[in-house]
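Visitor: I am new to this structure and would like to learn how to read it. Could you show it to me and then take me through a few of its features?

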Amino acid sequence: MNCDFCWRHCDIPDGKNGFCQVRRNEGGTIRSLHYGQLVSLALDPIEKKPLYHFLPGTLSLSVAEAGCNYRCQFCQNYTISQPGREVPSRYCPPDEVVALARKYQVRSISYTYSEPSVWQDYMVDVATLAQADGMRNVMVTNGSFSREAWGRVFPVIDALNIDVKGDDSFYASVCQGRLGPVLDSVGEAVRRKKHLEVTTLLIEGIHTWRMVEDLGKRLSDRGVQVWHLSRFFPQYQMVGRKETSESFLEEMLEAAGTSGIPYIYGGNSRHIDATRCPSCHAILIHDHRYGGTQRQEASRTIVDGRCAVCGCPVYGVFA
């Protein structure tokens with residue numbers, strides 16, 4: 001039996017699990033092993049996703065099941081994403097998640113922390129109810145969807161942050177993945193006019209100027225408007241590697257700037273980025289620290305999606 005949740009299209013024999021260890025063939029039916037079993041449920045600033053141009057200054061209810069279809073050696077959330085670990089969980093039906101979001105008066109629900117594409121059945125069920133209730137849905141993902149999954153996921157997701165991790169060699173050697181399906185999903189999200197921001201975690205000694213410059217061109221060619229480049233800190237199988245330096249981040253931000261992508265930000269850093277109008281360069285949001293005044297500031301500086309100074313369109317959803 002073939003699973004069509006992600007690009008791998010695992011052909012799963014009866015009684016066995018797919019690569020993600022989340023999907024299983026039971027008597028000729030592919031089912032999810034822990035539908036609705038949440039390993040994380042939290043209120044987060046939307047900037048933590050990171051999303052800087054989507055409802056800035058608001059909180060999002062973040063939910064996660066366990067599992068992932070990659071094996072990234074640097075995974076920051078390996079305790080809930082990688083197989084072979086017992087993780088405490090509790091069952092939370094979709095309507096309960098939406099009720100919690102309503103209780104805390106958040107404007108969005110985020111599917112995050114692990115890889116939601118491998119538990120997309122639950123995500124779509126929650127997102128459908130949230131959408132009917134007037135809430136927005138956010139997906140933080142590695143972007144390695146199947147084309148079949150596009151038809152299930154995109155109709156109920158409003159905003160995505162997609163990790164674009166490196167070049168083809170990086171995906172093969174560090175993640176057991178492929179860049180191509182990710183870039184296809186980036187392009188599809190843009191084509192469907194979904195709000196999209198992209199993140200690249202920079203590992204000093206692996207990422208290079210040339211790699212970042214090439215990624216920038218590929219992202220720009222697909223219509224990406226917002227790109228976050230974040231510092232790596234030692235984790236999981238790369239715990240012995242040094243953290244990415246501030247100076248390397250600055251160098252890579254310069255390389256990214258050759259792409260022409262209008263909004264580029266540094267993350268996991270002392271680097272403080274303002275959002276500026278791409279035309280007149282007026283400061284629209286001074287910084288994106290958690291718990292800041294982004295929402296109030298944007299209400300004054302961005303009017304009907306345009307810079308209040310010069311009228312230039314500003315990419316994003318600010319109200």
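Predicted model: local features only at pLDDT ≥ 70, side-chain atom pairs only at ≥ 80, totals over all residues.

Visitor: Where is the place of Glu188, and with which residues is Glu188 in contact, leaving aside neighbours within four places in sequence?

Guide: Glu188 belongs to helix H6 (residues 179–191); helices (H or I, at least four residues) and strands (E, at least two) are DSSP runs, numbered from the N terminus. Contact means heavy atoms within 4.5 Å, and, apart from neighbours within four places in sequence, Glu188 touches Trp150 and Phe154.

Visitor: Is Pro83 buried or partly exposed, and where is Pro83 found?

Guide: Pro83 is partly exposed, because its relative accessibility is 34%, and it is found in the loop between H1 and strand E6 (90–91). Leaving aside neighbours within four places in sequence, Pro83 is in contact with Gln21 and Arg71. Pro83 and Cys20 are 63 residues apart in sequence, and their C-alpha atoms lie 7.6 Å apart in space.

Visitor: How should I read the sheet, and in what order do its eight strands come?

Guide: Strands of a sheet pair through backbone hydrogen bonds, either parallel or antiparallel, and here two strands pair if DSSP finds at least two bridges between them. In this model eight strands form an open sheet with mixed pairing, in the order E4-E5-E7-E8-E9-E10-E11-E12. Its edge strands, E4 (40–45) and E12 (263–267), each pair on one side only, and from one strand to the next the twist averages 20°. E4 and strand E5 (residues 59–64) pair in the antiparallel sense over six bridges, and Ser60 in E5 is the bridge partner of Asp44.

Visitor: Which strands does helix H2 touch?

Guide: Helix H2 (residues 94–103) packs on the sheet and touches E4, E5 and strand E7 (108–111), its direction making about 160° with that of E5. Helix H7 (residues 209–221) also packs on the sheet, touching strand E10 (195–202) and strand E11 (226–231), and its direction makes about 155° with that of E11. Axes are lines fitted to C-alpha atoms, for helices over the stretch in contact, and angles run from 0 to 180 degrees between N-to-C directions.

Visitor: How much space lies in the largest pocket, and which residues lie nearest its centre?

Guide: On a 1 Å grid over the protein atoms alone, a pocket is an open set of points with protein on both sides within 12 Å along at least five of seven lines, a cavity is a set where a 1.4 Å probe fits but cannot get out, and lining residues have an atom within 4 Å of a point. Grid points are joined across faces, edges and corners, and a volume is the space filled by probe spheres set on the points. The largest pocket holds about 1200 Å³ of space, and, of its 39 lining residues, Lys48, Lys49, Pro50, Thr199 and Asn268 lie nearest its centre.

Visitor: What is the volume of the largest cavity?

Guide: The largest cavity has a volume of about 80 Å³, and its lining includes Cys3, Phe5 and Val118.

Conventions:
Residues numbered from 1 in each chain as written. Heavy atoms only, no water. Buried < 20%, exposed > 50% of the residue type's maximum accessible area, 1.4 Å probe, protein only.
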